[in-house]
Amino acid sequence: MCKFVCVGGSPSRMKTFITYIAELLDIGNPGYDYPNICAGTDRYAMYKAGPVLSVSHGMGIPSIAIMLHELIKLLYHAKCSNVTIIRIGTSGGIGLTPGSVVITKQAVDPTFKPQFEQIILGKSVIRSTYLDEKLTEDLMECAKELDQFNTVIGNTLCTLDFYEGQARLDGAICTYTEEEKMQYLKEAHKTGVRNIEMESSVFAAMCNLSGLKGAVVCVTLLNRLEGDQISTPHDVLKEYQTRPQKLVGQLIKNHLGKK
């Protein structure tokens, strides 16, 4: 029976995660090549090891929303109960050292409000983006147990695109100044935002509506107050990307009573 669902952007990262979690929980044979059980579709990849499901969701709100609708229906028809779902991924940090991990308290929109706006039948529907407080606290306790990297609880700014929506200066189109960019990012930091990505708001909203305990755990690849480009060496970035996996793995291990 599935008890934990972990979702992330790329199929390769989620395959790496399921291999990692299987080894951590001592499930199956070492070196086993976990198959994509959704190989019949190109929309996302899905892997399973014991009580853990690992699913890719692509990039951005529309992509993850489609996957979540189909995932939630799958969990319902499989009669799964008390399921915890966690998004693991990468993000841009605000005021944090690169490599820091952010556990999201609430996802906020580009005006820093904790809400997700969905247009349904031509009308605006506003949905809450608060995440499970107890799960957030449990993840923070796991971070303290690991004591391997800086971890904070903060708000996550969820945007509709990677460039203008995130106040970048390096896109094909830019209609604002560096001063205006910095003013916006500093205001975000002032309101409690510690990182920026593109999926957390709809993820939180759909978890709330479906009664699923949800969390978002993302590593920061750069400090956006210092620039738009990542200058960290590739091998260091690769290690950064394992940090959310380690943190969530510790949570799952503790929950299942594994030593």
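Helices (H or I, at least four residues) and strands (E, at least two) are DSSP runs, numbered from the N terminus. The model is predicted: local features need pLDDT of at least 70, side-chain atom pairs count only at pLDDT 80 or more, and totals for chains, interfaces and linings use all residues. Residues are numbered from 1 along each chain as its sequence is written, and side-chain values use heavy atoms, with hydrogens and water left out.

**Exercise 1.** Describe the setting of arginine 87.

*Solution.*
Step 1. Arginine 87 belongs to strand E4, residues 84–93.
Step 2. Arginine 87 counts as buried because its relative accessibility is 3%; buried means under 20% relative accessible area, with a 1.4 Å probe and protein chains only.
Step 3. Beyond neighbours within four places in sequence, the contacts of arginine 87 include Val7, His57, Glu197 and Cys218, where contact means heavy atoms within 4.5 Å.
Step 4. The side chains of arginine 87 and histidine 57 form a polar contact at 3.1 Å. Such a contact is a pair of N or O atoms within 3.5 Å; within protein, one must be able to donate a hydrogen and the other to accept it, and residues adjacent in sequence count only if both atoms are side-chain atoms.

**Exercise 2.** Determine whether threonine 136 is buried or exposed, and identify its surroundings.

*Solution.*
Step 1. Threonine 136 sits in helix H3, residues 133–146.
Step 2. With 6% relative accessibility, threonine 136 is classed as buried.
Step 3. A polar atom of the threonine 136 side chain lies 3.0 Å from the backbone oxygen of aspartate 132.
Step 4. Not counting residues up to four places away in sequence, threonine 136 touches Ile103, Thr104 and Ile153.

Note on methods: Buried < 20%, exposed > 50% of the residue type's maximum accessible area, 1.4 Å probe, protein only.
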